[in-house]
Amino acid sequence: MPTILPIRDLRDTTRVSELAHESGEPVFITKNGYGDMVVLSMEAYDSMVARIAVHDQIAAGAAQAGRGELSDGPAVMAALGAKYGLL
């Protein structure tokens, strides 16, 4: 269940911070009954940014595959091994 607070509750910064950290989820702030902003703990923000980066990389890979820009896995590993003297 999302945490939703009116903007006047931002006066109690300690409580808002505790809510954000304890839940690990966004705290939604409303102004005049409408969504206005979101508060996140740093841990939740970092996790969200990391997930977005992974999704972007997956999407880029899917786009490359869609364009036919594929490489054979064993051939790539052999080339890297030869380049760096691992094999």
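Q: What span should the 25 residues of helix α2 (residues 42-66) have at 1.5 Å a residue, and how far apart are its end C-alpha atoms?

A: The expected span of a helix is 1.5 Å times one less than its number of residues. For the 25 residues of helix α2 this gives 36 Å, and the end C-alpha atoms are 36 Å apart, which agrees. Helices (H or I, at least four residues) and strands (E, at least two) are DSSP runs, numbered from the N terminus. This is a predicted model, in which local features need pLDDT of at least 70 and side-chain atom pairs count only at pLDDT 80 or more, while totals for chains, interfaces and linings use all residues. Residues are numbered from 1 along each chain as its sequence is written, and side-chain values use heavy atoms, with hydrogens and water left out.

Q: Which residue just after α2 takes a positive phi?

A: Gly-68 does, at about 80°. Asn-32 sits in the loop between β2 and β3 (34-39).

Q: Is Asn-32 buried or exposed?

A: Buried means under 20% relative accessible area, exposed over 50%, and partly exposed in between (1.4 Å probe, protein chains only). Asn-32 counts as exposed because its relative accessibility is 72%. Thr-30, in strand β2, is buried, since its relative accessible area is 18%.

Q: Which residues make up the largest nonpolar core?

A: A nonpolar core is a set of buried Ala, Val, Leu, Ile, Met, Phe, Trp, Tyr and Cys residues joined through side-chain atoms within 4.5 Å. The largest one here has five residues: Leu-5, Val-16, Ala-20, Val-27 and Ile-29. At least two of this core's residues come from each of α1 (13-23) and β2 (27-31). Not counting residues up to four places away in sequence, Val-16 touches Leu-5, Asp-9, Leu-10 and Val-39.

Q: How many salt bridges does a search of the whole structure find?

A: Side chains of opposite charge can pair when their charged atoms come close. A salt bridge is a side-chain nitrogen of Lys or Arg within 4 Å of a carboxyl oxygen of Asp or Glu. The search finds two. One joins Asp-9 to Arg-15 (3.6 Å, N to O); Asp-9 is partly exposed at 22% relative accessibility, and Arg-15 is partly exposed at 36%. Another joins Arg-67 to Glu-69 (3.0 Å, N to O); Arg-67 counts as exposed at 53%, while Glu-69 is partly exposed at 44%.

Q: Which residues make the nonpolar surface patch of about 540 Å²?

A: Nonpolar patches consist of residues with over 30% relative accessible area and no salt bridge, their side chains (Val, Leu, Ile, Met, Phe, Trp, Tyr) being joined within 5 Å. This patch is made by Val-76, Met-77, Leu-80, Tyr-84 and Leu-86. Leu-80 belongs to helix α3 (residues 73-84) and is partly exposed, with a relative accessible area of 39%.

Note on methods
Contact means heavy atoms within 4.5 Å. Patches are made of residues with over 30% relative accessible area and no salt bridge: like charges are joined within 9 Å, nonpolar side chains (Val, Leu, Ile, Met, Phe, Trp, Tyr) within 5 Å. Accessible areas come from the Shrake-Rupley method with a 1.4 Å probe; for residues, only the protein chains shown count as cover.
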